[in-house]
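Let's take a walk through this protein together. Have the chain in view and follow along.

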Amino acid sequence: MLLQLQKDILYGPVNSRRYGRSLGINLMPTKKKLCSFNCVYCHYGTTKRCTMNIDQYSDELPELDKVVKKLEKKLQTDLELDLITFSGNGEPTLYPEFADLVEAVAELRGKYRPEAKVALLSNSTGLIYGDVEESLDMIDLPILKLDGGNEQTFRAINRPTRSVKFEEVFEKLFSLDGIYIQTVFVDGQPSNIAKTDLDDYIECVARIKPQEVHLYSIDRPVPNARISLVTPEKLEKIAGKITKETGVSARAFYD
Ligand code: SF4
């Protein structure tokens with residue numbers, strides 16, 4: 001079974017393999033996924049609305065005030081959490097008021113849960129907007145996707161909407177400091193673990209110099225039946241190679 005779309009603005013806390021109890025914030029509609037990518041492994045299924053322009057869906061997006069009120073109410077309870085994470089039914093940085101919302105969430109965190117971290121799970125495409133990029137300064141854990149180090153692999157695995165430019169996404173990643181890279185490796189058709197793919201990927205990691213690299217593979221059904229998981233042993237091997245060749249800490253996560 002694919003994952004059900006999140007049915008509300010807030011969800012969880014879910015236990016993340018890396019960070020503990022994470023309260024999710026979903027800024028996308030509850031009845032459809034809106035994303036600029038259509039990743040072959042997306043646990044929410046195929047992106048039927050694959051776009052950078054979500055203006056036409058504005059009626060279905062949660063209002064900023066509503067998000068803030070819901071979060072404030074939740075943070076006033078005794079709910080245990082380690083992390084407040086922008087994620088949900090698609091790409092959070094496409095939300096039109098993303099930067100304002102990050103500011104509001106950071107304030108609420110400071111007021112009610114100073115020990116919790118604010119995280120973002122993103123495919124980076126919204127960072128072409130200056131205010132979205134600036135808002136990363138208020139996010140403790142900006143976790144950005146990198147599934148391949150060349151255009152061919154990027155297009156095969158992430159299947160972005162036409163207006164997403166490979167060069168723009170990669171140049172943006174190269175220009176950012178203090179980010180975390182999250183990668184999903186898959187085998188089959190398509191795959192991103194051939195030697196040339198890994199060489200290009202490791203070269204990108206060396207240029208980005210992230211704080212850390214987190215490696216995953218698929219762990220539940222995915223929309224594309226021709227891909228298969230990369231074993232924990234293989235993930236560990238890739239992690240070791242990344243660390244050895246780039247000096248960046250790389251960790252593999254699996255159940
Ligand atoms: S970027 Fe995330 S939400 Fe969008 S298709 Fe890929 S995995 Fe799914």
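A residue counts as near a molecule if one of its heavy atoms lies within 4 Å of it. Keep in mind that what you're looking at is a predicted model. With that cut-off, the residues around the ligand are Lys33, Cys35, Phe37, Asn38, Cys39, Tyr41, Cys42, Thr47, Gly90, Asn123 and Lys145. What kinds of residues make up this shell? They split into five nonpolar, four polar and two charged. And the space that the ligand takes up is the largest pocket.

Now let's turn to the helices. Find helix α1, residues 64–75, and helix α2, residues 98–112: their axes come within 10 Å and cross at roughly 15°. Angles under 35 degrees count as roughly parallel, so α1 and α2 are roughly parallel to each other. Their crossing is right-handed.

Further along you'll meet another pair, helix α6 (residues 195–208) and helix α7 (residues 232–246), with axes that come within 10 Å and cross at roughly 50°. That makes α6 and α7 oblique to each other. Here, too, α6 passes α7 in a right-handed crossing.

Last stop: the backbone. Ser124 isn't a glycine, yet its phi is positive, at about 80°.

Terms used: Residues numbered from 1 in each chain as written. Predicted model: local features only at pLDDT ≥ 70, side-chain atom pairs only at ≥ 80, totals over all residues. Heavy atoms only, no water. 1 Å grid on protein atoms, 1.4 Å probe; cavity = no way out; pocket = protein on both sides within 12 Å on 5 of 7 lines; lining within 4 Å. Sits in = over half its atoms within 2 Å of the grid points. Nonpolar A, V, L, I, M, F, W, Y, C, P; charged D, E, K, R; others polar. Axes fitted to C-alpha atoms, helices over the stretch in contact; angles between N-to-C directions. Helix = DSSP H or I, 4+ residues; strand = E, 2+ residues; numbered from the N terminus. Parallel < 35°, antiparallel > 145°, perpendicular 65-115°, else oblique. Left-handed = near helix turned anticlockwise from the far one by under 90°.
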